[in-house]
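Here are my notes on this one, written for someone opening it for the first time. Have the structure in view while you read.

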Amino acid sequence: MRDYKELQAKLAEAGYIAEESLAMALTLATEIHRPLLLEGEAGVGKTDIARALAKLLGTRLIRLQCYEGLDANATLYEWNYQRQLLSIRAREATEGADSAETLENHIFSEEYLLRRPLLEAISQLEPPVLLIDEIDRADEEFEAFLLELLADYQVTIPELGTIEAVSIPHVVLTSNGTRALSDALRRRCLYSWVDYPDAEKERAILAARMPEIDDELARRIVGFVQQLRREELEKVPGIAETLDWATALVGLKVEKLEDNLDLLQASLICLLKTEADQRAIAPEVTQRLMGKVA
Amino acid sequence: MAEPGENGALPEPPGPRERMRGFIAHLRLNGFTLGPSETALSLDIVRRLDRPTPDGVQAALKVALCGNREDWERFDTLFRAYWFGEGVRRANILRGENTSTPKRARPALWDKVLPPEDRAGRPIGGAAQATNASDGEEDAEAPSAPHRIAADRRDSLFKTDLREISAKEDIAEAERVAESLASAMRYRLSRRRKPSARGRGLDLRRTIRRNIAHGGEPVDLLKRTRPDRPVRIVILLDVSGSMKLYSRYFLLFVRGLLCRWMRADAYLFHTRLVRVTDALTDKDPFRALAKLSLMIEGFGGGTRIAGALEDFNTRYAKQAIDSRTVVVILSDGYDTEAPEHLARELKRLKTRARRIVWLNPLLGWKDYEPVARGMAAALPHIDHFSAANSLQALAALEPELAAL
């Protein structure tokens, strides 16, 4: 088995700064072909992990965004109904009436099959990275279905028969914890809790994404965000918010955070996404937090 | 498995397989959901590590064996406790004793949750501790129960204040009624699915299938709809001293709600908050209560309702509550904290939950007015406030939950 530190270094090259535990999780997941379940607050970079992994392995990333009411049809396959109907009409017009059986065989052939992410993922020659994003948004029925798929890697389509996986994809599931996942799914998966990065790691991320940013400014930005995360907020700012804010500050040509406090206060809309949070972080609070950073 | 490192990272005897099995058992005792297949998986993983260092093994097993955030946070301590003997004396040792000789070794802390268990008809306190130690069974046979019910036992039991039920048979009956009530309620709620002939969207797949016989002309249109989802229930149960006369029944009531219905979640609070869904759903009721007593260990002092709610709001609310959740709080509202705090936390809770129902056993008492300051502050945020001092009152909860 490869050393997880090696993977960690490679991830860093691919632009993703990973914790050791996460690197270990990814190494294990690729090694023993188990799905990896990533849990953590929104905005800690769970989705990006799958992207970085795909980049690193040099394969395709197939993404399935979950939502409430997602069903097997939307994730596996669907028949191309419009084409089926047109084809029925066209055959009527040109060849006269077909027997029902011929017609059925024709319109339920692979030609009319629309592959959705899960079927797509198991029919690739090169194992792709399959990202099942926000699995907690889908309902329990879908979770059970997914569990079945992840166990056998085969899909049965009544009209076509059983389709077996050409290759086993690297599966990454993410969850924001809006719903407790079933124990069965948890047991099937490797698990990693992804936390907000510490200051050092966040600086590294900022440096990787925005190489042009001034070191001192980056240090202040990260320090401020880290302090802000300790406040009681409804929606804690994630890494994406830090990056947005840094971009905004650079765009506003801010060189030192404390230079223009009004501007700083105004720019906080990049970090605070609810009205209550914006009210909670009043200018005095901003100043107090700034004091801790300096 | 890789040979134990030369630095003595993994202790050798009694063989790696046995040690790993022991480790899995150790984690299981601490609430991890693991089985024999995880033992094999762990051994396989350790074997695959090139140069297994303690840290590497720890990190790899953490990924493989944890299933949620709580596991994730506790794993390191448990790992070090098992393999390196750090902080070995843990609660699970105590748990073993509880389950094997429960009657005799019933710890004093149980009294908070299970007050009238084996003290038939006797006043709480006094010689209670001494009788506990002797035997519960004999106590029950001693015919000292003062609340004999003459006519229709079941009917009058229905109206008795739970505080006054104390004979053993009565307790058993009350448990049964509470459980069946809860089950009935659950049944009613979870069946709230309407099969509807006219759905929102066309089911194109079935339509085309069905109409092949008409040469593909869509004559019969089939529709589909999503069934209604059942309501979710979150129960927050106060087990503080002032509530202890009621806690046991509420626990049984809550257990009845939980057993087979997946979408319910239960928490106990006193000075802190503990999630007890998993412990309560244990098939063996005795083991369930033993687990509970362990979880309540360390509770003491006054009730911190607001603090417990705050804990719930920050830690659990996001995954326990959705917009179809009814939050049921069972408490007498005697809070040692500032009432504003309680009001604020209830308001926070209200933004997430569909409905908040507060059941207060004191409300059933004659002449009770919600004078507890906390209770007064809480009232504006509560959708339904009612008594819960008798089984009848619990039964009256049903329409409240169904009316969603």
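1. Start where the two chains meet, and keep in mind throughout that this is a predicted model. On the chain B side, 25 residues are in contact with 31 residues of chain A. The elements of chain B that put two or more residues into that side are α2 (36-48), α3 (54-65), α4 (69-84), α11 (204-211) and α15 (305-320). The most comes from α3(B), which gives five residues. Sorted by class, the chain B side holds 12 nonpolar, six polar and seven charged residues.

2. Next, chain A as a whole. Chain A has 294 residues, and 32% of them are buried. If you take contacts in chain A between residues at least 6 apart in sequence, 76% join residues at least 24 apart.

3. Which of its residues are buried? Y4(A), L7(A) and L11(A) are. These three cover an arc of only 55° around the axis, so they sit on the same side of α1(A). Turn to the other side of α1(A) and you find E6(A) and E13(A), which are exposed. As for what the buried residues of α1(A) pack against, look at α2 (20-32) and α3 (46-57) of chain A. Just past the end of α1(A), G15(A) has a positive phi of about 95°.

4. Stay with α1(A) and α2(A) for a moment. Two packed helices are described by the angle between their axes and the distance between the axes. Here α1(A) and α2(A) pack at about 105°, and their axes are 8 Å apart. That angle makes α1(A) roughly perpendicular to α2(A). On the α1(A) side, the contact is made by Y4(A), K5(A), L7(A), Q8(A) and L11(A); on the α2(A) side, by E20(A), A23(A), M24(A), L26(A) and T27(A). By class, the residues of this contact come to six nonpolar, two polar and two charged.

5. Now the chain A sheet. It is an open sheet of five strands, in the order β2-β5-β8-β1-β9, with parallel pairing. Which strands stand at the edges? They are β2 and β9 (190-194) of chain A; each has a single partner strand, so one side of each has no neighbour in the sheet. On average, neighbouring strands of this sheet are turned by 20° against each other, ignoring direction. The helix α2(A) packs on the sheet too, where it touches β1 (36-40), β8 (170-175) and β9 of chain A, and its direction makes about 155° with that of β9(A).

6. Strand β2(A) runs parallel to β5 (residues 129-133) of chain A, and five bridges join the two. Then find R63(A), which stands opposite L131(A) in β5(A).

7. One more spot in chain A: L85(A), in helix α5 (residues 81-95). Is L85(A) buried, exposed or partly exposed? It counts as partly exposed, because it has 18 C-beta neighbours inside 10 Å. L85(A) and I107(A) are 22 residues apart in sequence, with 8.7 Å between their C-alpha atoms.

8. Over to chain B. Its secondary structure comes to 19 helices and eight strands. Of its 404 residues, 35% count as buried. Among chain B contacts between residues at least 6 apart in sequence, those joining residues at least 24 apart make up 68%.

9. Chain B has an open sheet of six strands in the order β5-β4-β3-β6-β7-β8, and here the pairing is mixed. Its edges are β5 (273-275) and β8 (384-387) of chain B, each with a single partner strand, so one side of each is left without a neighbour in the sheet. The twist from one strand to the next averages 20°. Within the sheet, β6 (residues 325-330) and β7 (residues 355-360) of chain B pair in the parallel sense over five bridges. I329(B) stands opposite W358(B) in β7(B).

10. Last, back to α15(B), one of the elements from the chain contact in point 1. This helix lies across β3 (232-238), β4 (264-269) and β5 of chain B, running at about 30° to β5(B).

Methods:
Residues numbered from 1 in each chain as written. Chains lettered and ligands numbered in written order. Predicted model: local features only at pLDDT ≥ 70, side-chain atom pairs only at ≥ 80, totals over all residues. Contact = placed C-beta atoms within 7 Å. Helix = DSSP H or I, 4+ residues; strand = E, 2+ residues; numbered from the N terminus. Nonpolar A, V, L, I, M, F, W, Y, C, P; charged D, E, K, R; others polar. Buried ≥ 20, exposed ≤ 12 C-beta atoms within 10 Å, placed from the backbone. Arc of directions from axis to C-beta. Axes fitted to C-alpha atoms, helices over the stretch in contact; angles between N-to-C directions. Parallel < 35°, antiparallel > 145°, perpendicular 65-115°, else oblique. Pairing = 2+ DSSP bridges.
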